[in-house]
Amino acid sequence: MDNRLVGDQGGSSSNMFRDYRKGNWTIKETMVLIEAKKMDDERRMRRQEGKPTELRWKWVEDYCWRNGCLRSQNQCNDKWDNLMRDFKKVREYERRVVEAGGEENITSYWKIEKNERKEKNLPTNMLPEIYEALVQVVDRKSQRMLLPSLPPTLQQQSTPLPLPPITTTVAQTHYTTNIPFPTVDPDHSSERSDSPAKKRRMSGGGEGTSGTSKGNINNSSQEVGTAISKSAAIIAETIQSCEDREDRRHRELLSLHQRRLQIEESKVKINKEGINELVDSINKFANSILALAGNKNQSTDPK
């Protein structure tokens, strides 16, 4: 059985006679595709080439061919969609395992058998090296697209983001607003400002305010850190959703291009058949004229 496919899937002369490989993807081919996708994301993030979207997977195909992966851009696109679908399932399952923390009877994906993976609606053949490579690609792309939207002070933080530091300025503000100022009692006007009773009152009020202020700052810091982490997760999911929509549009453009080529081929075929029929009709007409002329000549010959 032939395991090759010859065709032009990009519309250019560079791959018009490429002999595409069919069948299951090998681990080497998959790793080459992941590396190509990672480099393509970095290339597109720079926004310097200015190439249209339809050439995106053409660039991936060319990179794969230079590295021994003889696949077409359609094959690369379909394989990447399958990889991301399986990756999302495994990542979500592993996230639930981490959140359970041993409290529930949930075993890691990498420790369960293939039949149990199938029962849990998980991919049965995800390899650790492929999963790790996909993690690097997805996390790097999410981080690059997330950082420009954050303030400069938060761009240096990594996911999960640490809690913001407690500044002394905030603490001083709480002190100045919460510490009660001493008042002069007219009945005790003779008491010195540095008396032991007054010092105890000042010390007790200051310590209570300090503990309350620190507790409020810690709670606020935890809330801010949680909000930032949730925002980062939402942004990453939105980015991935946009990428999926872009891939679907790209596939639709390729399908439209293929239909256009089929229509052009049909037109050429119809024109060719019409010309052939016209030539046959002309030949038959000429033969009829010759036959008629021959019959006329025979009728005019003397007997």
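Predicted model: local features only at pLDDT ≥ 70, side-chain atom pairs only at ≥ 80, totals over all residues.
Me: How many disulfides does the count come to?
Reply: The count comes to 0 disulfides.

Me: Is Cys-64 buried or exposed?
Reply: Cys-64 is buried, its relative accessible area being 0%. Cys-242, by contrast, counts as partly exposed, with 33% relative accessibility.

Me: Turning to the helices, at what angle do H1 and H2 pack?
Reply: Helix H1, residues 27-46, and helix H2, residues 56-66, pack at about 135°, and their axes are 9 Å apart. The two helices are therefore oblique to each other, and their crossing is right-handed.

Me: Which residues meet there?
Reply: On the H1 side they include Val-32, Leu-33, Glu-35, Met-39 and Arg-43, and on the H2 side they include Trp-57, Trp-59, Tyr-63 and Cys-64. The residues of this contact divide into 9 nonpolar, no polar and 7 charged.

Me: Next topic: where is Ser-108?
Reply: Ser-108 lies in the loop between helix H3 (73-100) and helix H4 (114-119). With a relative accessibility of 15%, Ser-108 counts as buried.

Me: What does Ser-108 touch, not counting residues up to four places away in sequence?
Reply: Ser-108 touches Tyr-93, Glu-94 and Val-97. The C-alpha atoms of Ser-108 and Glu-94 are separated by 6.4 Å, although the two residues are 14 residues apart along the chain.

Definitions and conventions
Residues numbered from 1 in each chain as written. Heavy atoms only, no water. Disulfide = S-S within 2.5 Å. Buried < 20%, exposed > 50% of the residue type's maximum accessible area, 1.4 Å probe, protein only. Axes fitted to C-alpha atoms, helices over the stretch in contact; angles between N-to-C directions. Helix = DSSP H or I, 4+ residues; strand = E, 2+ residues; numbered from the N terminus. Parallel < 35°, antiparallel > 145°, perpendicular 65-115°, else oblique. Left-handed = near helix turned anticlockwise from the far one by under 90°. Contact = heavy atoms within 4.5 Å. Nonpolar A, V, L, I, M, F, W, Y, C, P; charged D, E, K, R; others polar.
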